[in-house]
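Subject: Structure handover

Hello,

Here is the structure you are taking over. Please look through it first, then read the notes below.

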Amino acid sequence: MGKGKAEKGDVEEEVERGNWDNQCDFFLSCMGYAVGLGNIWRFPYLCYQHGGVTFLIAYMTMLFLTGLPMFFLEMALGQYSGKGPIKLFTSIAPVFKGLGYGMVFISFMITIYYNMIIAWTFYYTAASFSSELPWTYCGNS
């Protein structure tokens, strides 16, 4: 039989999600999400490598035409629905469930990447306190 109205004991209870305390918390979280290590370390190098101002003009054009509208759309959908990516895209259309899983997988991969960079930072910081630096010699005799 098809699904009809749920009886009193059949309703699933959803866990209450947290809310932002104020707009500053939300803004700082969005900035932390949007500005990563690549923006600080790699962007100046990419500008220099790919033509300087010419690259910057193309980058800014694409940023305003596609990047910011997609960022706003993602934030608006998440704020409006109050759900995570998997449940959000499944509720829009069941065929979009893979998109939600893809977003979670990419977030997981970026987390691993950032943790590796932080581990390297800790390693080389600790190694720099030794009397002979490990990177002084390349190992050739």
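The protein has 6 helices and 0 strands. Helices (H or I, at least four residues) and strands (E, at least two) are DSSP runs, numbered from the N terminus. In sequence order the pattern is α-α-α-α-α-α.

Two notes on the source. This is a predicted model, in which local features need pLDDT of at least 70, side-chain atom pairs count only at pLDDT 80 or more, and totals for chains, interfaces and linings use all residues. Residues are numbered from 1 along each chain as its sequence is written, and side-chain values use heavy atoms, with hydrogens and water left out.

Overall figures

Of the 141 residues in the protein, 6% are buried; buried means under 20% relative accessible area, exposed over 50%, and partly exposed in between (1.4 Å probe, protein chains only). The protein exposes about 12600 Å², and carbon and sulfur atoms supply 66% of that area. Accessible areas come from the Shrake-Rupley method with a 1.4 Å probe, and for residues only the protein chains shown count as cover.

H1 covers residues 23–34 and reaches 16 Å from its first C-alpha to its last, close to the 16 Å expected at 1.5 Å a residue. The expected span is 1.5 Å times one less than the number of residues. Asn-22 caps the N-terminal end of H1, with a side-chain oxygen 3.2 Å from the backbone nitrogen of Cys-24.

H6 has 31 residues and reaches 45 Å, close to the 45 Å expected. Its buried residues are Gly-100, Ile-117 and Ala-127.

Cys-47

Cys-47 is in helix H3 (residues 43–49). Why does Cys-47 count as buried? Because its relative accessibility is 12%. Leaving out residues up to four places away in sequence, Cys-47 touches Gly-52, Phe-55 and Leu-56, where contact means heavy atoms within 4.5 Å.

The largest pocket

The largest pocket has a volume of about 1400 Å³. Among its 39 lining residues, Tyr-33, Phe-71, Glu-74, Met-75 and Met-103 are the closest to its centre. On a 1 Å grid over the protein atoms alone, a pocket is an open set of points with protein on both sides within 12 Å along at least five of seven lines, and lining residues have an atom within 4 Å of a point. H4 (53–81) gives the largest share of the lining, 12 residues. H1, H5 (85–92) and H6 (97–127) are also among the helices that each supply at least two.

Regards

Methods
Polar contact = N/O pair within 3.5 Å; in protein donor to acceptor, adjacent residues only side chain to side chain. 1 Å grid on protein atoms, 1.4 Å probe; cavity = no way out; pocket = protein on both sides within 12 Å on 5 of 7 lines; lining within 4 Å. Points joined across faces, edges and corners; volume = space filled by probe spheres on them.
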